Amino acid sequence: MNKFIFWTMISRLFLVFICFYFLSVSFIANAQEKDTLYLRNGQIMVGKLNSISLGIIQFDDMDLSVQNVKYHKIKTIKASMATYRIQTIDQVVYYGVLKPSKIYGEVIVDDGFVEKAYPIVNIFDLVSLEKKFIKKIKGTVALGYSYTKSSDIGRSNIDWNLRFTEQKYQIEFNGSFIFTNNQGIKTRDREQINLGGYYNLNSVLSAGVGLNYQRNIELGLASRIQQVVGLGRRFLFKSNLQGMLISGAVINQERSLEGNSSGNLYEIPLQFKLDYFHYAAPNLSFTIFPKAFFGLNQDGRKRFDGETRVNWEVINNLDLGLQFYANYDNQALEGSNTNFDYGIVFNVGYKFK
């Protein structure tokens with residue numbers, strides 16, 4: 001009986017040991033799968049690589065949550081927890097992982113067929129092809145408010161810029177609202193909502209469609225609905241500078257403040273977007289986005305919509321932003337006293353990562 005009990009205990013201990021062994025092996029294997037940032041100062045960050053864009057490596061550290069790390073602080077990277085869409089400044093697109101290199105400031109791109117070494121600053125854009133829907137949504141939501149006691153005028157603004165990324169396409173949803181409260185009289189001064197989808201034809205060309213809404217009481221515009229199709233070409237493949245030229249066709253339906261509707265108006269757009277970033281203290285980014293529209297059935301009508309954005313990331317996930325906008329229409333609508341509008345908006349934003 002004692003022998004039976006003894007061997008029973010031995011067998012149970014052996015079973016516990018086997019379970020513990022396999023759990024340990026599994027844990028080690030999982031730990032080995034974690035992505036790793038090797039910093040130039042000798043530190044190591046372990047977690048998950050989210051993206052590389054605009055001169056910043058976004059990394060979800062196991063201990064420090066999401067961190068934004070500048071290019072020049074990285075020795076090399078190991079990232080294999082997900083499949084990444086990797087675009088380099090020589091206009092090549094890979095779908096694969098990153099392997100560490102023995103050379104400072106370099107990584108090895110592995111797409112399963114070819115392994116090629118690149119300086120980290122030559123990674124133009126990297127996107128993690130997430131499996132969970134919510135993790136594919138990135139962007140910023142911002143709010144602002146100003147008030148002057150002498151005039152009893154309060155002005156508030158809401159601004160958002162969200163994007164959803166998949167392997168070959170991206171959906172963007174952005175907008176801004178400006179409201180004024182003048183001695184109890186509330187007005188909707190300026191509104192803009194844009195929903196667009198872009199499909200990457202290759203490393204430099206993208207095709208897109210969009211649906212936009214606009215309102216600007218300074219220009220006599222109660223509402224404008226736009227349907228857009230376009231083609232964009234990327235250029236300026238620099239480590240801190242990115243640009244795109246866009247053109248196509250636009251159909252507008254407008255309604256003035258006087259209540260008059262326009263029917264279908266056809267335009268040719270010419271748009272230019274430039275992103276510049278400087279993250280070596282302070283952490284700043286700049287976006288310049290001028291848009292010109294030339295009317296086809298409107299007797300030489302010409303319009304201009306443009307904005308410049310400056311964002312300063314004060315602390316992790318918190319942005320201070322300035323937006324400069326300008327709108328021009330050489331054929332002002334009824335109810336307007338001018339054909340030119342401009343403004344400056346200040347806001348505080350939360351960044352989704």
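Leucine 333 counts as buried, at 17% relative accessibility; buried means under 20% relative accessible area, exposed over 50%, and partly exposed in between, with a 1.4 Å probe and protein chains only. You'll find leucine 333 in the loop between β20 and β21. Strands like these are DSSP runs (E, at least two residues), helices are runs of H or I of at least four residues, and both are numbered from the N terminus.

A quick word on where this comes from. The model is predicted, so local features need pLDDT of at least 70 and side-chain atom pairs count only at pLDDT 80 or more, while totals for chains, interfaces and linings use all residues. Residues are numbered from 1 along each chain as its sequence is written, and side-chain values use heavy atoms, with hydrogens and water left out.

Back to leucine 333. Leaving aside residues up to four places away in sequence, leucine 333 touches Leu219, Gly220, Leu221, Glu254, Ser256 and Arg301, where contact means heavy atoms within 4.5 Å. Asparagine 260 sits 73 residues away in sequence, yet its C-alpha is 9.2 Å from that of leucine 333.

Now compare a residue from strand β20, phenylalanine 324. Phenylalanine 324 is partly exposed, with a relative accessible area of 34%.

| Residue | Relative accessible area | State |
|---|---|---|
| Leucine 333 | 17% | buried |
| Phenylalanine 324 | 34% | partly exposed |

Phe324 also belongs to a nonpolar surface patch, along with Trp312, Val314, Ile315, Leu318, Leu322, Ile344, Phe346 and Val348, and together they have about 780 Å² of accessible area. Patch members have over 30% relative accessible area and no salt bridge; nonpolar side chains (Val, Leu, Ile, Met, Phe, Trp, Tyr) are joined within 5 Å, like charges within 9 Å. A salt bridge is a side-chain nitrogen of Lys or Arg within 4 Å of a carboxyl oxygen of Asp or Glu. Accessible areas come from the Shrake-Rupley method with a 1.4 Å probe, and for residues only the protein chains shown count as cover. β19 (302–315), β20 (318–329) and β21 (340–352) each supply at least two patch residues.

What about the chain as a whole? There are 21 strands and one helix. Of its 353 residues, 41% count as buried. Its accessible surface comes to about 19,600 Å², and 62% of that belongs to carbon and sulfur atoms. Among contacts with a separation of 6 or more, 49% join residues 24 or more positions apart.
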